[in-house]
Amino acid sequence: MPPTAEWLMRSRYSAFCRGEAQYLLQTWHPLTRPESLELDPAITWRRLDIVRTERGGLLDSEGVVEFAAHYRENGIAGQQKEVSRFLKVDRQWYYLDAVPDSLNSR
């Protein structure tokens, strides 16, 4: 499993690119994990920019990663921005949620 919150964010982005919903669910914290996840096949993810990180390192138990994910949907470019919170439980990082009011989604 990824050793830091940022690397978990990067691996989750890769899972979105490959349509790996199961990995996304496995790396989602049980307190906030949805029952299921359907990925939109019309979206092609193009690039992930990490804007900033707060904590989330090898010795931390919490972390924040702000990112901008670039995509194309039906030939139109778009961007999703989010400030994500991560928790480490038993040496494994999990995506917890998005900080309220940080979402700038499609």
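Reader: Is Arg72 buried, exposed or partly exposed?
Author: The structure is a predicted model, in which local features need pLDDT of at least 70 and side-chain atom pairs count only at pLDDT 80 or more, while totals for chains, interfaces and linings use all residues. Residues are numbered from 1 along each chain as its sequence is written, and side-chain values use heavy atoms, with hydrogens and water left out. Buried means under 20% relative accessible area and exposed over 50%, with partly exposed in between (1.4 Å probe, protein chains only). The relative accessible area of Arg72 is 31%, so Arg72 is partly exposed.

Reader: In which strand does Arg72 lie?
Author: Helices (H or I, at least four residues) and strands (E, at least two) are DSSP runs, numbered from the N terminus. The run of residues 62-73 holds Arg72, and this run is strand 2.

Reader: How many Å separate the C-alpha atoms of Arg72 and Glu62?
Author: Strand 2 covers residues 62-73. Arg72 and Glu62 are 10 residues apart along the chain, and their C-alpha atoms are separated by 32 Å.

Reader: Which residues is Arg72 in contact with, leaving aside its neighbours within four places in sequence?
Author: Contact means heavy atoms within 4.5 Å. With those neighbours left aside, the residues in contact with Arg72 are Ala42, Ile43, Thr44, Arg46 and Ala77.

Reader: Which residue has its backbone oxygen reached by the side chain of Arg72?
Author: Arg72 lies in strand 2. At 2.8 Å, its side chain reaches the backbone oxygen of Gly75.

Reader: Is His29 buried or exposed?
Author: His29 sits in the loop between helix 2 (21-26) and strand 1 (43-55). Its relative accessible area is 10%, so His29 is buried.

Reader: What pattern does the chain follow along the sequence?
Author: The chain has two helices and four strands. Read along the sequence, they give the pattern α-α-β-β-β-β.

Reader: What is the radius of gyration of the chain?
Author: The radius of gyration is taken over C-alpha atoms, and the globule rule is 2.2 Å times the number of residues to the power 0.38. For 106 residues the rule gives 13 Å, and the chain is close to that, so it is as compact as a globular protein of that length. The radius of gyration of the chain is 13 Å.

Methods
Polar contact = N/O pair within 3.5 Å; in protein donor to acceptor, adjacent residues only side chain to side chain.
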